[in-house]
Each structure stands twice: as structure tokens, then as C-alpha cells.
Amino acid sequence: MASPSQQLPPGWTAEWDQASQRYLFIQASTGRSQWEVPTPAPAQLIDHAPSVSPPPSTTHHGKRRQYAAGQTQAYYGAGDALGDQYGALNVPQQQQPAATAQLFTPGLAAEGGFAGQQQVPQAPYYAPQQEPQYINAPGFGQEPTYHPPNAPIHHLTDQFGQMGMGQRPLHLTTTNLLTSPPDPRELARPPPEIRLPANACITTSPYANADPSYQRCTVNAIPTTSSMVNKSKIPLGLVITPYRTLKEGEPPVPVVTDTVIARCRRCRTYINPYVQFIDNGNRWRCCMCSMSNEVPQLFDWDQIRNQPGDRWARAELNHSVVEFVAPTEYMVRPPQPAVYVILIDVSHTAVQSGMVATATRTILENLDRIPNEDERTKVAIIAYDISLYFFSMPPGTTESTMLVVSDVDDVFLPKPTDLLINLTEARQSLESLLGRINDMFQDNHTVGSAMGPALQAGFKLMAPIGGKIMVLSSSLPNVGAGSLKNREDLKILGTSKESGLLQAASPFYKTFAIECSRAQVSVDMFLFSAAYQDVASLACLPHYTSGQTYFYPAFNAARSEDAIKFAHEFGEVLAMPIMLEAVMRVRASKGLRMASFHGNFFVRSTDLLAMPAVPTDQSYAIEIQIEDTLTQPFVVMQTAVLHTTCHGERRIRVITLALPTTSSLTEVFASADQVAIATLLANKAVERSLTHKLEDARDAVHQRLVEILSSYKSSMTSAGAGANAQLAISENLRMLPVLILGLLKNVGIRQSAQIPPDLRAYAQALLTTLPSQTLIPYIHPTFFSLHNMQPEAGTVGEQGVILPTPLPLTSERLERHGLYLIEDGQTIFLWIGRDAVPQLVMDVFNLPNYEVLRGGKTTLPVLDNDFSQRVNAIIQKTREMRRGVYYPHLYVVKEDGEPPLRLWALSCLIQDRADVLPSYQQFIGQLKDKVNGANNY
């Protein structure tokens, strides 16, 4: 693999950093390190952004894409078309009829433009070849060399005046959205570089500032005044994933075990790499409030070796993400054990769908994975239909006794002991019970669900300790507390009243959730109903208790794909290490205030977020206000999460992010992080759809984008407030419009009268909890062409399986003889054209031709040919590469197959027109008209 060191100026070396999955550049003579690529001259371009997994060196066309100014229709010309491997077999190329005319109008290409592009002669596939052409065909799959459009952004500049704070400013490059099509590869690039003033940090450690996967800001240079924020229109906020999973090769979060915790006496900030030591190192000055504090006596003492220690080697002075083992003063009570109460719906529907059998088998198979290092973990199983079924499991036996409580109006525990059992001590009886539950209720014909009373029973069982309740439900709760009615009304879908269906129908779910939060109980919901289940009401419980909602509509374990997906996700949730009885607070430098909070938690006081159990990879968004003019050269934002680990240790996870301040609007735009902005706007849109209407949420997001573009035009371009033929934005924000379009077309807030309320409510739960890495593909899916992918795609490189080059999300790229993969992190579609050659169908599906291939949910066979193995490797990588427990279903979609499935897959191609929603080019045109018509200044 080609190393960037081959292109570096003399005296520089590149080291691959596993933690951040990007290259770190080190100057040998000074030891200085930096993330940006050092360049000898501002004109030089970098072939590959070093922060993306470096692609293998292949032969590239030297010619770059050219977009003639003003020719907006020629977005995707034939000049960069991939060479074909599976060519059409004597089939004339025609325009792709992507969908019915009233729903999908591909692209809006110039008249005949798409058809012309398709008339490139195709190399026919001749099956008799021994070595299939798609493996070794010379020159196929070649893309133009990818030069990140704003590579010069990192070049040194001698003009220090713009920022007014001493550090060199970021270079602003303007792009015209009308002539610059979205390039999906840009979403993999890192956010704009954080350029702190000299001596802001007391260490040269590359880990001194927070990695974006833990904490990222919508702008990486903070405006000094609130009026600047208002003028830029860029929302100021933080996106935080405090407890993200570590991929293989990433360094673990360092743990400070000596319980010496240095904090500011006034603002309670934890010591970090941005403080200053004064008074010969005996005192330190807080980076947030400038208070002078004493350095603890044991700070310079190595307690393990019992000898003087090296202060500069301490983790909290070198790492932005660090965990402290907390002393007793951080505990209200001794650390709680991990407690899991699993409520299983055993009504007729649940048993017949196979949910009960799948769930009990999954629990049984994952007993060894449930966190239990200290052997204190407790477990209880409660089954319910219209009655409650408790199971007494005395330790040391294999026997269990079922106790039935039919009075669901006044829930009580039928026995004081042996219902909540120690996982280690009662392991045998628990295993025996799990093997029998499905048989016990096999002939249960009871229809109905007393979920509310079951929740109350689980709560009574664990309230003295706290922990996690996992609810498995196959029908709408209709008995006892929290009973719900079917309120799905097709007549109000798509109207202003629809948002009412997205709010909880019963106050029980919010009041019970707050009660749970107070007792350190978190709730996870696993919902399986084929009929209306009121996900909006049930998702209230996870929302206020820092849990998560999982939805499996029309679950049927007889389809192995359904069983595998649920078993995988439920098993991962059971095995997940969780932070128990957690509270989170975000502190910031003087002048900054955390204004509003989005995510799954309960705001206990002004800025204290209560989280009974924090799952891994759950994200939170916080809006920030500037209250006073910022006079300091940089600001610090620090997230602290006090929690108990699942092995009984009280800890504090601290995440510190330092950002420069600026009085230059140029700097604000050049440092804007489009991924963080899209994540924050997704959270705000969902909240607005609940407090106002869905239409208001869409309008607010759209209006915010218009305001950002208007501000950029009036402040950063020569057009000022006048009309302009261009639609200008900074290079680092050029993907923001397509991300916003994807958000507006997402099931959570899309304008439509056909979306069931349950699907919409679940999509909204995802929009407010997914970390950016998973959220961005959810609103901007990934689109690969497989039949003509480059030869290394699907093979294993230095950084794992190599993925094909992502395509723009338009059906203009679909060819009739092609095989494509479209995925959004929750679902994977394998689209196959109607003219696919028999050899392609045989190599991938082991079927003789396209006609016998069936569309729908499937498991792809792994066949004894190279192409099949590469396609399977890409699907496997797609399922595993992102953080989170989700295991996407795979659907085969035939071009002329079932219309609902086809339209579902095509709805992922967000740059096409869909129903009443515009294509990307129409959207950009609308934005241009509004920006030129907006007289905001």
C-alpha cells in the first residue's frame, strides 16, 4: 500500500494512528506533530485524504472531472463512467425506468443526456471464458483520481490578521453548488482542522484534543460574539458520544487509578491538557474560569512504585478522553451490581411468531457474555400476557417454580426472594427455565398484553438497586396501567394532525419513565407487532431513561433472516458493557452556556442529565449559547460522566475539546463541520415535530439552510445582497444541502400520507440517538455498483475489506444489466437490473437466470467463485463497519419486481424526485431562488 510518506516534503514522516484511523505527520527535526498533510507549496494537491483508510495504489486516469460552469444538467457525464465487467448481452441500452412516473423522476438530466450517457458501447460478457472478465479485465473500474476539492485548506499562510488571535487562519474556498455535484466520498473526510494558538496545550500528545467520534462541534473556530453566530446562521452545538465502542486496533481510554483527581475549586473543571502550571508548578490555572488552584500533593507521586512520578506522563495531561477511578466522595451509595429484568410477552401472537423461542434461546446463548466480572450480576425473568408470570429460581438447583399474578390492577411481588437471582449462583436453574419457557406457553391462546403492570412488577423487583429492564412485546398494551388504544387513522396521515400520533397517548409512559430515572432504572424496548403498536408512546420509556428502542415489524422467526437479525441485536444488547447510575454535565469556558439538550435522558436540573444506564454508541446533541463576548484566544468544552461500570467500579469519564475563538466570519465558515451540523439539525427537527407539527419541522430545517446560504452569499461573496447566478457555499459545507435533503426525505419527517405512525416514530428514535458515523448513512445512504467494481473491491487490504467507490444517489447510475448495493445502515438492498446476464445471476445467486430470481428478504449464498466472495465480503463489511448493534436485513430488489419494494429501495436514492419531494437539482434551484429572494440583511 502506498504510504503518504512517499509524497511528503523532506524531513517529514507519516505514522498511521489506529485510534483516529488517520495519518499523523511528524517533523523529524523538531518532533512537532500534526494531522494535516505538510505541503511545500500551496498549489500542490493531495491524492488521498490521509484520514480516510488509505486506498490501495492503483492505476488512475490522470484526467479529473470537469463541470462546465452553468451546465447544471451535465452533473454526471459519461467521462467518469466505470468500465463494465458484466456487459449487457446483446441488449440495446435504454433509459432506466426507475419507477412509476408519478413517484420517481430520475435526475432532471438534460433532454436525452441520460440516454446519451447510456449509449457507451458495452463489452459483452462471454461466459465460456475460463477466467471471468470481471476479475482481470484491464482498465475496468477506473475512477478519476480523487483530489479532495479543498486540499489547499491545510496550507500554511502568513496572514495572521484575520483571526486576531495569533494562530494561522483556515483557508476559505468557495464552491458553486449549481456546478459542483455532491461527491459521497467527501463525507468520509475529517472535519476542518482545529488550529489552536501556540502554547494553548501543555503537551505535544496527538490525543490532547477530543477525537470527533467522541465529541465534535458544529464549528471548529468559535465566534467571539453571539451576534456573529446569528449572522453566520450556523447553529452552535456539540454532538457527544461519550461511551463509543472501540474497534480493533483502537487504543483503550486511559484509566487514572490512583484516585488523585485535580479539579478547579470554582467551576469544578477536571484538570486537562489545556490548563497552565504556575508558581513553579505548585499551582495550576483553570482553562475555563482562570482560577488558580493547588496541585494535589500526590499528583507527582507514583503510588504503584511508591516513588516520585513524572507529572508529564499522567494520562489526564496527555489525553482528551480519560477515565478516573472515583474515590468514595463521588458515591451516594456503594456501586450497584448490574441488574437485568427481562419482560417477555407470551401471548398467542408472541409465541406463534417465534419471538419467545428466539428470545429465550438468545438469552441462553449469551449468558456468558452478560457483564458479570465481579459475579454480582442479577437477573430476573417475568413473562406476561393478560396476567404476570414470575419464576422463582432457588440457587443451587435446576428447578424453577412459576408463580402467576392475575390481579394486574394492584401489582405485587408474589415472593420476597429468588425472583431476582444472582446470575452465577442460580445459573443452572436459569438455564433450565430458559429451555422450557417456550414449551410452557406453546398452547397459550390468550390475546392481550398487560405490559404496564409487567413494567411495574419489574420496577418493584429492582427499584432498591436500579439496572435495566428489557421489554419484549408483540402487541399493543391493552390491559391494566398504560393500556393503549389503536389510534392509527389513515385520514390524518400527511395532515397537520399527524404529529399528534407521534406523541405519547397515555401520561403513564412519561410519569413511569421519570419514576424509573429517579430509581436508576433504564428501559429498552424490543417491539415485534405486525399490527399497530404505538411505538411513539412506548418509545417514551427509553427516551427518558437513556434506553433504546428496537423495532421488528411483522417479525416471523420462520423466516431465518428475521430470527438472525433479532438474535444478533438482542445478543449484542445483552453483552453490551453499560454505564450504570450515570449523570452527565457539560462545562464550558466563561461566556458559553449549554442551552438545550437533545437525546435519551432526563434533565434533572439546569444542566445535569440523568442517565440510569448509558448504552454504548448512543449520541446526544447540545445547543450552545454565547452569553458574553469571548476574550480568550481559545475555549474549552468538557463533558464529564460520573457512572458505575458493570463490574462495580465508580468512575468519571472526562472528554475535553479545545477550540480557537475567532472574530472573523470567514474563519467561522471555513471551520464549519457539515456532519455535526446535520446531526444537530436532525435532533432539532424531531423535537420540533413533536412540539409543533411535522410541517414546521421540515420548514425550520429548510429555512435554516436557506439562511446559512444567504449569510454566506451576503458576507463572503462579491454578490452581497443582490441576485446572483451562482449558489455559493464554502467547500467544507458543499455536502450540507444534500444531507439536509436526505433528512427532509427521511421517514422520520418526510412529507407523505403513506407512512405508518409506528415506522415514523421509530425513525425519529433513530434520528435522535444514532452517532454521526451511523446517522449520516441513515439520511444519506451509500450506493455501490458491484457488477463493474474495481478489482481490489471486496478483497482484504491493510485496513480490512476494501469497499467500492460510492456513487451519487441518483437512479441515473442504474444500468439495466447491473448489480448495485444501496444501504442506509438499517437495511441493505441488492438491486439487479432486468437485463442482467445469466452468468452474473449464477455467480451471485446460484440461479440460472434473472427470471427465476425472487425478490425480497434473503440470505446471499457464499459460492465457490471470486465474485460471490467479494460481494459477500462487502455486505459483511457493511454490516460490521459502523458502531452500534444493528444488523441490517438484506433485500434483493428486481428492477421489474414488486412495486413497494422497488420504491422503498429507490427512496434511498435521495437525489431523485420522489412523489412531492424534489430532486437534488430542483432542491438546489429552489434554494437559489430563495437565497436571491431573501432580503435578510
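Start by selecting strand S38, residues 889-894, where both faces are covered. Strands here are DSSP runs of E with at least two residues, helices are runs of H or I with at least four, and both are numbered from the N terminus.

You are looking at a predicted model, in which local features need pLDDT of at least 70 and side-chain atom pairs count only at pLDDT 80 or more, while totals for chains, interfaces and linings use all residues. Residues are numbered from 1 along each chain as its sequence is written, and side-chain values use heavy atoms, leaving out hydrogens and water.

Strand S36 (residues 827-832) runs parallel to S38, joined by six bridges (two strands pair if DSSP finds at least two bridges between them). Find Ile 828, which stands opposite Leu 890. Strand S37 (residues 856-857) is antiparallel to S38, with two bridges; Gly 856 has Val 892 as its bridge partner.

Next, select the open sheet of three strands, ordered S10-S11-S12 with antiparallel pairing. Strands S10 (276-278) and S12 (292-294) are at the edges with a single partner strand each, so one side of each has no neighbour in the sheet. S10 and S11 (residues 283-285) share three bridges, and Ile 278 stands opposite Arg 283.

Move on to helices H16 (residues 736-744) and H22 (residues 920-933). They pack at about 110 degrees, with axes 11 Å apart (axes are lines fitted to C-alpha atoms, for helices over the stretch in contact, and angles run from 0 to 180 degrees between N-to-C directions). H16 is therefore roughly perpendicular to H22 (65 to 115 degrees; under 35 is roughly parallel, over 145 roughly antiparallel and the rest oblique). Show Pro 737, Val 738, Ile 740, Leu 741 and Leu 744 in H16, which meet Tyr 920, Phe 923, Ile 924 and Leu 927 in H22 (contact means heavy atoms within 4.5 Å).

Finish at H14 (residues 674-691) and H15 (residues 694-716). Their angle is about 150 degrees and their axes are 7 Å apart, so H14 is roughly antiparallel to H15.

How values were computed
Buried < 20%, exposed > 50% of the residue type's maximum accessible area, 1.4 Å probe, protein only.
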